[in-house]
Amino acid sequence: MNLVFTKASSIDAQALAALRMTAMQPSLEVIGRFDPKRAQKRFFDTFQPLHTWLIKDNNALVGFYALLEQDDHLYLDHLYVQPNQQGKGIGSAVIHRVLVRSQQLNLPVKVGALKESAANDFYRAKGFVLTHSEQWDNYYQYSPVAPSSITLALTNPKSPTNVGAVMRAAGCFQASKVLYTGNRFDIAAKFQTDTKKVSSRIALEKVDSFFDDVPPEVKVVCVDLVEGAIPLMDFEHPPHAIYVFGPEDSSISQEDISQADAVVYIPTIGCLNLAATVNVLLYDRLAKNTQVDRSNELIIRSRDRNNKTRVV
């Protein structure tokens, strides 16, 4: 499928009302409440195009959803998919977008579902929790996970090229800052591969130790080829982490290894260079994050401006 999400307009009202009625009919008939005129009037009375998104696949309307942003929560007012398009992951794609927005605003998401609807199992599977029930509907809420933080810590790096590549990775994977120790890297050096000018947005700070004044909620994770370390694919990343990497021509000290909350390694044949290790580590963290933005909008925002290609 090639889903495209576009904002609705007032001229879409009739088509969306018909789609909603078709999608709701089986559940309403079970409880003896299917009334086409009432369903249509209720939709027209509450339709808000500015908060409604059309879902299209190859330019065909397959569903829509409406997300209302209140001061203290988001409300998923509508989520309907054409019956012959259900079970294809469209609803999951919508929920992913909604939860990403919830995470961005740090607001819970509320939603209602007919008691006899399969939507109840769907929302529970997506992490929504039942808050209360009324005569015909169940009401659920999803609470966003607290924002995470990532700090990259480079032990006595020597190559501006490597540090520049680490800075670019920090920007791509949304690390908060980069720390480094030692005197071999000149902080004034030109970031030879920092082509995105990440150093203007993410702090690069020289410190004496990575272990001074670490908040209790932050875990220090050393990344090196160390006996007894955890293979990266088996590691569960903490929400808040300082990832410590060794220098290009040596290893992390035993003293730092002993102080760390965890030690992980990437099971390669031979060792990766510093920048490659940072990228692999950060990608592993990203791949294990169920709330990461997977939308076409992210691709459009992130790609080179000359890149207009698409899968057809």
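**Sheet**

Select strand β2 (residues 52-57) and strand β3 (residues 60-69): they pair in the antiparallel sense over six bridges. Strands here are DSSP E runs of at least two residues and helices are H or I runs of at least four, numbered from the N terminus; two strands pair if DSSP finds at least two bridges between them. Within this pair, pick Asp57, whose bridge partner in β3 is Ala60.

This is a predicted model, in which local features need pLDDT of at least 70 and side-chain atom pairs pLDDT 80 or more, while totals for chains, interfaces and linings use all residues. Residues are numbered from 1 along each chain as its sequence is written, and side-chain values use heavy atoms, without hydrogens and water.

Now show the whole open sheet: seven strands with mixed pairing, in the order β1-β2-β3-β4-β5-β7-β6. At the edges, β1 (3-7) and β6 (129-133) each pair on one side only.

**Pocket**

Next, select Met24, Leu79, Tyr80, Ser117 and Ala119, which lie nearest the centre of the second largest pocket among its 40 lining residues. A pocket is an open set of points on a 1 Å grid over the protein atoms alone, where a 1.4 Å probe fits, with protein on both sides within 12 Å along at least five of seven lines; lining residues have an atom within 4 Å of a point.
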